[in-house]
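Dear colleague,

Here is the structure I promised to hand over, with the sequence alongside. Please have both open while you read the notes below.

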Amino acid sequence: MPVLPIERKHGWTKRELTSLALIALVFSQCTPAAAWGNEGHTYVNRVAAEKIPATMPRFLRQAVTEIAYLGPEPDRWRNPSEFALKNAQEPDHFIDLERVSWLDPLPRGRYEFYRKLYEKRAATTENPDDYLPEHVGLQPYITMEIYGRLKAAFREYRQQRAEHQPTPAVEQAAIFYAGWLGHYVADGSQPLHTTIYYNGWVGANPNGYTTQHGIHAQFETAYVGANITAKDFAGMVKSPEPLADPFARYVSYLKDSHALLENVYALEKAGGFSGKGSPAAFDFTTHRLAAGAQMLLDLWYTAWEESAVPAPEHPNSTPASKATAPAK
Ligand SMILES: [Zn+2]
Ligand SMILES: [Zn+2]
């Protein structure tokens, strides 16, 4: 059900909230909104978890079922019945890279990103609200924030092991962060999560791509659910490699994904996602899912490796925290 892509650019108005149509939607919405659909997200997390190397903790390698379950977790946070949650987290699933082409490199912290966008909005006369952070999307920020949580949990795990303390609680935390992280990393491999063309072509359209609001869910949910399994792309995922600069690598991963957005439209135009789809659509989609699983595995591995480095003694005095606000 393509709830996010269609409604993400605006909040519900009072009139909409009271409309019978919405009431009907609330009661009919038994399955959560999709991004890669339930299947795609479960597969990406599962495939990555099955490739966790023996150099990483055993508890994580044994948590394949839990990590796979957590793949779609943030899509379970989109029901109108939990309005504050739905409202706060919907921009986490995408970034419209066209709206930030002037901002290179992207700032590393969420609030610096907000500041740059508000400056741009103030200097823009035509559709300034296109630059509101919640309209541009926050994909790389939520991803790196959860990456940081996972790394901190791994560091805690190492410390508790060194002190011969019991570790089940920190293991549970790390499994949750690893699975939660997988959701956004998988979203990032879906080209339509990186673009203003997220659900139908807009503006000049020389190639005659579809303008219907349906391609997003047709591709990531209906087509994947009916035609692809984890086994179809598991063999494409290699052993993990450490990422020297996770944020920079993650942003270039999003840009690689963005560069493929026209392929999605061309495949749709050729009927590639209808019914059983085409071999070209299968090849494209399995490679995208594999790219997601690979980036996720590389991020887990890098978080584990980096967690061996002790945290600075006075983290509140680092330049990063000075740049935002004093710790309270
Ligand atoms: Zn989606
Ligand atoms: Zn998502």
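In helix H11, which covers residues 168-189, His183 and Asp187 are placed four residues apart, about one turn of the helix. Please bear in mind from here on that this is a predicted model. His183 counts as buried because its relative accessibility is 0%, and Asp187, with a relative accessible area of 0%, is buried too.

What coordinates the zinc ion (ligand 2)? The donors are ND1 of His93, NE2 of His183 and an OD atom of Asp187, at 1.9 to 2.1 Å. Written along the sequence, the spacing of these donor residues is H-x89-H-x3-D. A distance of 5.9 Å separates the zinc ion (ligand 2) from the zinc ion (ligand 1).

Turning to the aromatic residues, the structure contains 19 aromatic pairs. One of them is formed by Phe154 and Trp304, whose ring centres are 5.2 Å apart and whose planes meet at 85°; since an angle over 60 degrees counts as edge-to-face, this pair is therefore edge-to-face. The two residues come from distant parts of the chain, with Phe154 in helix H10 (residues 139-162) and Trp304 in helix H16 (residues 279-306), 150 residues apart. Both Phe154 and Trp304 are buried.

A second pair worth looking up is that of Phe219 and Phe273, where the ring centres lie 4.7 Å apart and the planes stand at 40°, so that the pair is classed as tilted. This pair, too, links distant parts of the chain: Phe219 belongs to helix H12 (residues 215-227), whereas Phe273 is found in the loop between helix H15 (261-269) and H16, 54 residues apart. Phe219 has a relative accessibility of 0% and therefore counts as buried, and Phe273, at 3%, counts as buried as well.

Elsewhere, Arg76 lies over the face of Tyr69, and the distance to the ring centre is 4.0 Å.

Notes: Residues numbered from 1 in each chain as written. Chains lettered and ligands numbered in written order. Predicted model: local features only at pLDDT ≥ 70, side-chain atom pairs only at ≥ 80, totals over all residues. Heavy atoms only, no water. Phe/Tyr/Trp six-rings, centres within 6.5 Å; stacked < 30°, edge-to-face > 60°. Buried < 20%, exposed > 50% of the residue type's maximum accessible area, 1.4 Å probe, protein only. Lys NZ or Arg CZ within 6 Å of the ring centre and 35° of its normal. Donors = N, O, S within 2.8 Å, 3.2 Å for Na, K, Ca; no water.
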